[in-house]
Amino acid sequence: MEVRVGVLAIQGDVREHKNHLALAGATPVEVRTLKDLNRVQALIIPGGESTTIGMLMAEEGLIDEISSRVQNDQFPVYGTCAGLIVLARDVVGLSPARVGLMDITADRNAYGRQVSSFETKLRISVFHDQPDFPAVFIRAPRITRYGPGVTPLATYDGSVVMAEQGALLVSAFHPEMSGDIRIHQYFVEKVRKTLKV
Amino acid sequence: MEEKQTGTFNVKAGLAEMLKGGVIMDVTTPEQAVIAEKAGAVAVMALERVPADIRAAGGVARMADPSIVKKIQHAVSIPVMAKVRIGHFVEAQVLEALEVDYIDESEVLTPADEQYHIDKWAFKVPFVCGARDLGEALRRIAEGAAMLRTKGEPGTGNVVEAVRHLRAVNAQVRRLINTPDDELADLAKELRSPLEIVRKVKETGRLPVVNFSAGGIASPADAALMMQLGADGIFVGSGIFKSQNPEAFARAIVRATLHFNDPKVIAEVSENIGEAMPGVEMATLTPADRMQDRGI
C-alpha cells in the first residue's frame with residue numbers, strides 16, 4: 001500500500017530526502033503548512049539551522065500539530081541533524097522552539113564550526129553484518145544523554161549519533177547526502193510497522 | 001573508531017545544501033546579527049559595511065576587521081560567513097584561522113588580483129563565489145567553490161541584474177543539457193570551463209553546487225521572484241539594514257522566501273513593513289561603479 005511520507009520543506013536537503021524516499025518505496029510530499037501535514041502519514045525533518053527551522057515551524061503551527069500526532073497517533077518522525085534537535089526533549093545552551101518528545105539531550109554544533117564538519121563510515125546496529133554507512137556530519141549535534149526508552153543505533157567517538165524511541169528516529173548525520181538509501185528504507189519500514197500499512 | 005575526513009568537497013558543499021531555502025543576511029554588528037537570527041536568517045555575512053555604504057564610501061574595500069567577525073560569531077549560533085577580496089588568498093587564510101563557516105570571494109570588495117581567483121581547494125573552509133553566467137559559475141567550481149550565487153548589482157536595491165544573471169545561467173544550463181555529447185568539448189571551450197564539469201552538469205541536469213541569488217534584492221516580492229526563477233536561496237545585503245524597519249523587513253523576506261509560491265502569504269508579509277531601501281537605476285552607474293563586472 002502507498003505510504004505518504006512528508007519532508008519538511010523549510011530548509012536543507014528537501015529534494016535529496018524526497019529522492020531517497022521514492023527509491024525506498026514511499027510517496028514523498030513536501031510539507032510547509034498544516035494543510036500539507038494533514039496529507040502525510042509520517043514526516044522527515046531535514047537538516048538546516050535548528051533555530052530557524054524551529055521558529056518557522058512554530059509560526060505555521062506545525063510544532064503543536066506534530067507533537068499532538070506523535071503523542072496521540074504514534075506519528076512516525078525522522079529528524080536528521082537540525083531535525084534531531086527539533087525532536088530532542090533537552091538541548092544544551094540556547095534552546096530553539098521544538099517538538100521535544102524524544103528523551104534525549106542534544107548538544108548543538110558539538111563538533112565545532114564548519115572547519116570541523118566531517119565524513120566517516122558508521123556501524124549501524126540494525127543493519128547487522130551489512131557494510132558500514134557513509135555518514136556526513138555538518139556542524140552536527142551530539143546526543144549527550146538518552147533515557148531508558150531510547151535505543152541507540154550508532155555511536156561515533158563515544159557518543160550516540162543515531163537512536164530511536166517508539167515511532168521517532170533521529171540521526172546527527174545526513175543519510176541523504178550519500179547514495180545509500182538503507183536508512184530511508186529502515187524508516188519507511190518503521191512507518192509501515194507502526195501504522196500497519 | 002573509523003577514520004574521519006574533514007574539509008572534503010562533500011562536507012563543504014554539504015553546508016550550502018543545508019542552507020537551501022533560506023535567507024543569508026549581511027550584518028555589520030553583533031546587534032544586527034541577533035536581529036537577523038531572530039528573524040529566521042539561515043546564516044549571516046559579517047561585514048564592515050553593507051554594499052550600499054561601500055558604494056557610497058568609495059576607495060578600496062577590504063576584508064572586515066577580525067574583531068567584527070569574532071563578535072558576530074560570538075553573538076549567534078547560525079553559520080557566519082565573511083567576504084574576502086577576489087584573489088586575496090591571505091585574507092582567506094585569516095578568515096580560515098578565525099574559523100568562519102563560509103568565505104565569500106566577493107566582487108563587492110575591491111579585487112586584489114585581476115587575473116586569478118583564489119585556489120579554493122587549498123582551504124578546509126568552503127567558499128561561495130559570484131557568477132553572471134554559466135562559464136563564470138563553472139570556472140569558480142573548477143577553482144574549488146562549493147556554493148555559487150548569481151550576481152546582481154550589489155547595494156542598488158534594484159533586482160534587475162539578479163534576474164538577468166539567474167535567467168542567463170538557467171538558459172545556459174538548459175542549452176548544455178540539450179547539447180549532444182560530441183559537441184560538449186566545444187561548448188566547454190566556449191564556456192572556458194573544464195569539460196569534466198560540463199559533462200557533470202549534463203549528467204545531473206543541474207549545477208553541481210547550490211546556487212543562491214544575490215545583489216539588489218530589496219523586498220519580500222524580490223526574494224520570492226528569485227526563488228520562483230529557480231534560486232536555491234537568497235542573499236540580502238543592504239536590503240535589510242538600509243530599510244526603514246529592519247526587523248520587519250528581515251522577517252518578511254524570510255517568510256516570502258519560504259512561501260515563495262504562495263502570493264497570499266507574500267501579500268500578507270509585505271503589508272505595513274515600511275519603506276524598502278532607496279534604489280538605484282542601472283543607467284546611472286558608470287562602468288567603474290559596476291561591481292558585477294569584477295572577477296569574471
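**Stop one: an aromatic cluster**

Select A:Tyr111, A:Phe118, A:Phe133, A:Phe137, A:Tyr156 and A:Phe173: ring pairs link them into a cluster. Rings of Phe, Tyr and Trp (its six-membered ring) pair if their centres lie within 6.5 Å, with planes under 30 degrees apart called stacked, over 60 edge-to-face and the rest tilted. A quick word on ground rules: this is a predicted model, where local features need pLDDT of at least 70 and side-chain atom pairs count only at pLDDT 80 or more, while totals for chains, interfaces and linings use all residues. Residues are numbered from 1 along each chain as its sequence is written, chains are lettered from A and ligands numbered from 1 in the order in which they are written, and side-chain values use heavy atoms, leaving out hydrogens and water.

Searching the whole structure turns up 12 aromatic pairs over all chains. Zoom in on A:Phe133 and A:Phe173: the ring centres are 6.1 Å apart and the planes sit at 45°, so this pair is tilted. A:Phe133 is in strand β8 (residues 133-137) of chain A, and A:Phe173 is in the loop between β12 (168-171) and α6 (182-195), 40 residues apart. The cut-offs are under 20% relative accessible area for buried and over 50% for exposed, with partly exposed in between (1.4 Å probe, protein chains only).

Next, pick A:Phe137 and A:Tyr156, with centres 5.9 Å apart and planes at 35°, so this pair is tilted.

**Stop two: charges over the rings**

Then bring in chain B: B:Lys4 lies over the face of A:Phe118, 4.8 Å from the ring centre. The test is NZ of Lys or CZ of Arg within 6 Å of the ring centre and within 35 degrees of the ring normal.

**Stop three: helix α10 of chain B**

Select residues 220-228 of chain B, helix α10, whose buried residues are B:Pro220, B:Asp222, B:Ala223, B:Ala224, B:Met226 and B:Met227. Finish at B:Gly230, which follows α10(B) and has a positive phi, near 110°.

Definitions and conventions: Helices (H or I, at least four residues) and strands (E, at least two) are DSSP runs, numbered from the N terminus.
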